[in-house]
Amino acid sequence: LRAEIIRVDVPVYAEDMKRMGSELGRIWNAFLRGQLIIFTMTVIVYSILLPILGVRYAIGLAFLAAFANFLPYIGPAINWIALALVTSFMDPKPFGLTPWIYTVVVIACALLVDQIFNNLIIPRIMAKALKVHPAAVLISAIIAANLIGLIGLLIAAPLLATMVLIGKYTFNKL
């Protein structure tokens, strides 16, 4: 029944459609695997960084940071606000710092980690998983964010890989 729900029956292109369907499935599965790798890496990095900085509830905040990566722009801001609230109400402050300076140090470290992830690690993981260039992933994310908004930003990488696949197929058929 599942195979009959979406059925394109063009006799000349039946084999091509079947192959395109399996390739599209591979692309979107690779995207989900890449998201899982990014989630795991974020939890590990924050689980190491936050206890070193003396932040309470480090594991919970690490998971919050990992889930926040699914929401570009808004997610990291939510993470930074949560870190600011936790660190400003902690007593006593580690390292003998004043509450304000301690909060700024923790948020600056989180900002640095997020910048490294968002500009170096995430595009490379997505590019490797989807077999497209990292710069193309970044450019497609900017274009998709402007055209479609938040949802476009979330699906920019697999959408780019899908368009590349369709473009290659069309070029080869011509």
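Predicted model: local features only at pLDDT ≥ 70, side-chain atom pairs only at ≥ 80, totals over all residues.
Student: Where is S47 placed, and which residues does S47 touch beyond four places away in sequence?

Tutor: S47 is in helix 2, which covers residues 14-53. Residues up to four places away aside, S47 touches I59 and A62.

Student: How do helix 2 and helix 3 pack, and which residues make the contact?

Tutor: The axes of helix 2 and helix 3 (residues 58-68) are 8 Å apart, at an angle of about 145°. Their crossing is right-handed. S47 of helix 2 takes part in the contact, as do I59 and A62 of helix 3. By class, the residues of this contact are 13 nonpolar, two polar and no charged.

Student: Why is helix 6 called roughly perpendicular to helix 8?

Tutor: The axes of helix 6 (residues 134-147) and helix 8 (residues 156-173) come within 8 Å and cross at roughly 110°. Angles of 65 to 115 degrees count as roughly perpendicular, and therefore helix 6 is roughly perpendicular to helix 8.

Student: Which residues meet there, and how many are charged?

Tutor: A136, V137, S140, A141 and A144 in helix 6 meet A156, A157 and L160 in helix 8. This contact has seven nonpolar residues, one polar and no charged.

Methods:
Residues numbered from 1 in each chain as written. Heavy atoms only, no water. Helix = DSSP H or I, 4+ residues; strand = E, 2+ residues; numbered from the N terminus. Contact = heavy atoms within 4.5 Å. Axes fitted to C-alpha atoms, helices over the stretch in contact; angles between N-to-C directions. Parallel < 35°, antiparallel > 145°, perpendicular 65-115°, else oblique. Nonpolar A, V, L, I, M, F, W, Y, C, P; charged D, E, K, R; others polar. Left-handed = near helix turned anticlockwise from the far one by under 90°.
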